Amino acid sequence: MKPTDTADPRHYHRVVDCQWGCPAHTNVPEYIRLIANGHYTESYLLNRKSNVFPGILGRTCDRPCEPVCRRVRLDGEPVAICRLKRVAADLRDDITGHLPAIPQRKNGRRIACVGAGAASLTVANDLLPLGYEVTIFEKLARPGGLMWTNIPEFRLPARVLWEEIDQILDMGVDLRLNAPVDSLAALLEEDYDAVFIGSGAPKGKELKLPGRWDSEQVHIGIDWLESVRFGHVTECGERVLVIGVGNTAMDCCRTAQRLGAKKVRVMARKTKPYFKASPWELDDAIEEQVEILENHSPSRFIVEEGRLVAMEFDRVTWSPGDDGRLRATVHDTRVIECDEVILAIGQDTAFPWIERDIGIDFNRWEMPVVDKATFMTSRAGVFVGGDAAWGPENIIWAVEHGHQAAISIHAYCEDRPLTDRPPEGMNLVSQKMGLHEWSYSNDYDEAERVKMRHVDLQERFRRLDIEVEEGFDIEQTLTEVERCLNCDIQTHFEANLCIECDACIDICPLDCLTIARNGPEEDLTRRLTAPLLNYPEEPLFISEELPQTGRIMVKDEDLCVHCGLCAERCPTAAWDMRKSDLLVPYAGLGAGESHPTLLSLAMAGAAGEAAAASGAER
Amino acid sequence: MSHIRKPRVHHPGLARNRLGLTRRDYEGAMSTLCAGCGHDSITAAIIEAFWELEIAPHEVAKTSGIGCSGKTPTYFLKEAHGFNGVHGRMPSITTGAHAANRDLVCIGVSGDGDSLSIGMGQFAHVVRRNVDMLYIIENNGVYGLTKGQFSASADVGSKAKRGQVNREHPIDSVLLALNLGAGFVARSFSGDKEQLVPILKAGLRHRGFALIDVISPCVTFNDHHGSTKSYQYTRDHYNRLVYADFVPPAHEIAATYESGDARTVKLHDGSAITFRKVPGDYDPTDRDRVYGYIRERQRSGEVATGLLYVEPALEDGGNASDFHGIQGTVPEPLTECAFEDLCPGADALAKLQGRFR
């Protein structure tokens, strides 16, 4: 097999599973180490650079990082990455001085964003420091998009939401509230250099069954949550059925609990393995005594004299058909009495306001065709990101779309080709501090994942805005940070130094290492010290030929706990522990660059004044 | 010295032997030897061999003398019996242990300094007595623990780290053991576990004295240019003279060898060693020819390795010439003998003394 090019940032990036799994490539191990050292502000700022909304995401992120966390493969439970992010947000100092300074003199470019959600706010966050003028059009009375309308306050306190949104708005966004865009053609007529569409997926899916429109008691989940958020809905019936088992359904059923419902049931067509909701959101709903009924396929609404009294379901079981797809067998029907039904079976994008004759191609699902890399539509200068681009995802994806779209918009405005994406970079620095001392906590900590404490069940139902999760205290935090394996502290190998003493192979607790004759992939991968479990998703490191015998060093990156013992037992420092810092480019910022902040400018200014003063004295 | 222990977390696919133990269960304490020491590789090979042979750690007695090698039994089989004796006296201690309990699997780890200088007399006599043990010499040509003076196994012309050249003739433990009548003589290299592990297994299963001299480079004091016990020198002059596979009892001897290419020697417990790729005129059961062959390879500058000599078992599987056979000891461990048998009383003592009057 060919030697691995470790100078290519992608190899070591892949080893950092959480960062690889995060759409925005948040540098998780580094921010966890900063928390461990009590540097909460620095940790928050590191987060903010990539994911923009650490406080919000520390409570609401869908955590693509956690299922891929190496800890899952070792002891079954990921590091509580998401909730540690919240620790940084909770304990940080004021960061005003650390935010990018916004130039007084603008660059003359004007950008319009449609929808004031995570994607548009990220575009504004990235472009304002470059001197752009950004206008955001929002149809509702408040910004935030789904972060505001659809995430209940018992999960995301309003002060956290507004603080992080204000950080961006205060950079000088021209925010137009209650300003729905009815015609993209008209918007394009105005004097904007580019338009970004971050209008989300605001249309809840319908359940077109008999009786659907015969009463006032059937609601679309996301619309209902929005009404609750704006205070238009303040109570609900005693018996509530929520149709669907996604994360929106979880928010709906828990909200209903707080609005006075006595019996809330979530109706699922299939069984638990097929539920769309994240496992932790399911757990939280179950903790609040929401009942989840499996294998109930809705068949009709039963309405008597204009009032919904019940719903009828087919009770089904599922078995795979000839094509492998599951098919339902109906056994009997069941009528479940209810006072209200909330439909949470998915949501769609909606573009009635985009004319079909202005050069933007639409696909057969009535969605604009968007380039996966540049985020531009078939009409130059019109970009799409967030849920509006390819349907519902989650906040962290919207943020990453915003970053990429901002890079494209910047290139577009500067007349550079959009397809030339700025390359990622990498810093690789040895962490050796002494003969057998490293700059990080290298021992494997067997602690179990810390459990989040929740507000008492009775207490939390008193009001809608009591945050259920209490956050980690210091002791919980210090336990949880030690579970992180520091996957970014890489085992870096220099083949020319190796004397093949086998010390690293003997000491490796996970049998990751092999010295063997090289060979074709299917042959070499069968001759390793321990069998491969997750190859090729988890990469192999293949060294150059070793000087003494011409064999090669192979490392299976899958289960390495980054304990550094290979490097400690290596007599020639052929193995070294090096921190790989992935340098991610942003709009106007090459890999590793950052904007001047108010604080850095102030300090430079003070230094300049001091120098001038001392010069004058002489 | 590492400040952390080897984490107990292990590969989920780690195999268990019939005792339900993983290889990790055969480990000992964290090594405090220099990073890259050949001894640590030998330790790893010993762990592998015991695990593969499915020997319960508590049935093992591990003994050693003084020196870097003397520390190594701490690093394997933490549940085994252990004794770290005085310099060069490991053979006596092992002899005593085995005399008292022949059910113990005895492994003694020594070094070239421990065995070939201060312990030379002990070494010679434990070979003569044919004590049922595996005797490992971790051979690096220097006294590592006292900063790298030449040991008795250093070759003429070998250079020390600071440039001095050794002029004294080396003692070769393999030739010595062949001369003294050892029934199992091997040489291997810490950097070649593929060869070392099967030899260790065969040595543990051989009934009687088994010597394995393992070239084990001292990374700190004897791994430089001019040394004849460095990783580089050993690899450059390495000759795997014979390939030996260990075949446990009740296993079919693989028929994959070309006829005439392989030769099987039975051990006392029914297991066997299959030699392959043996040079045409080499006979691993002919002591004199083996001796001559090794001398010849040495003269041509090669380090001849492999299971060089093994005495075939008698027809009945026994070994009348081993320590217990010669001494006529009781078969059961002394701890299981009745008190009256072990201490027959004042009358018996008086009777015995009477015989000498």
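Which residue in β12(A) is the bridge partner of A:Val316? Select A:Val316 and look across to A:Val330, its bridge partner in that strand.

Before moving on, a word on what is on your screen. This is a predicted model, in which local features need pLDDT of at least 70 and side-chain atom pairs count only at pLDDT 80 or more, while totals for chains, interfaces and linings use all residues. Residues are numbered from 1 along each chain as its sequence is written, and chains are lettered from A and ligands numbered from 1 in the order in which they are written.

**Stop 1**

Strands here are DSSP runs of E with at least two residues, helices are runs of H or I with at least four residues, and both are numbered from the N terminus.

**Stop 1: the domains of chain A**

Zoom out and colour chain A by domain: domain 1 (9–97 + 425–483), domain 2 (99–202 + 349–413), domain 3 (204–347) and domain 4 (489–583). These bounds come from an automatic or database domain assignment. Taken over C-alpha atoms, the centres of domain 1 and domain 3 of chain A are 34 Å apart. Where they touch, five residues of domain 1 of chain A are in contact with five residues of domain 3 of chain A; contact means that C-beta atoms, placed from the backbone, lie within 7 Å. On the domain 1 side there are four nonpolar residues, no polar ones and one charged. In this count, Ala, Val, Leu, Ile, Met, Phe, Trp, Tyr, Cys and Pro are nonpolar, Asp, Glu, Lys and Arg are charged, and the others, Gly among them, are polar.

**Stop 2: where chain B meets chain A**

Show both chains. Their contact takes 23 residues from chain B and 28 residues from chain A. On the chain B side, select α1 (38–53) and α8 (231–236), the elements that give two or more residues. α1(B) gives the most, with four residues. The chain B side divides into nine nonpolar, ten polar and four charged residues.

**Stop 3: the largest nonpolar core**

Next, select A:Ala124, A:Leu127, A:Phe196, A:Phe383, A:Ile395 and A:Ile409, which touch the most other members of a core of 143 residues. A nonpolar core is a set of buried Ala, Val, Leu, Ile, Met, Phe, Trp, Tyr and Cys residues joined through C-beta atoms within 7 Å. Buried means that 20 or more other C-beta atoms lie within 10 Å of a residue's own; 12 or fewer makes it exposed, and in between it is partly exposed. Helix α16 (residues 395–413) of chain A supplies the largest share of this core, twelve residues. Centre on A:Phe383: among the residues it touches are A:Phe196, A:Phe375, A:Met376 and A:Ile409.

**Stop 4: two positive phi values in one loop**

Most residues other than glycine have a negative phi, and most peptide bonds are trans. Go to the loop between β14 and β15 of chain A and pick A:Phe375, where phi is near 65 degrees. A:Phe375 counts as buried because it has 27 C-beta neighbours inside 10 Å. A:Glu366 lies in the loop between β14 (347–348) and β15 (382–384) and has a positive phi of about 60 degrees. Is A:Glu366 buried or partly exposed? With 13 C-beta neighbours inside 10 Å, A:Glu366 counts as partly exposed.

**Stop 5: a covered strand and a cis bond**

Finish at β22 (residues 552–556) of chain A, where five of five residues are buried. A:Ile552, A:Val554 and A:Asp556 are on one side, with A:Met553 and A:Lys555 on the other. Four bridges join β20 (residues 513–516) of chain A to β22(A), running antiparallel, and A:Leu513 stands opposite A:Lys555. β21(A) is also antiparallel to β22(A), with four bridges; there A:Ile542 has A:Val554 as its bridge partner. In the turn of the β21(A)–β22(A) hairpin, A:Gly550 has a positive phi of about 80 degrees. Lastly, select A:Pro536, in the loop between α20 (521–524) and β21 (540–545) of chain A: a cis peptide bond joins A:Tyr535 and A:Pro536, with omega about 5 degrees.

Terms used. Two residues are in contact if their C-beta atoms, placed from the backbone, lie within 7 Å. Two strands pair if DSSP finds at least two bridges between them. Lists of a residue's contacts leave out its neighbours within four places in sequence.
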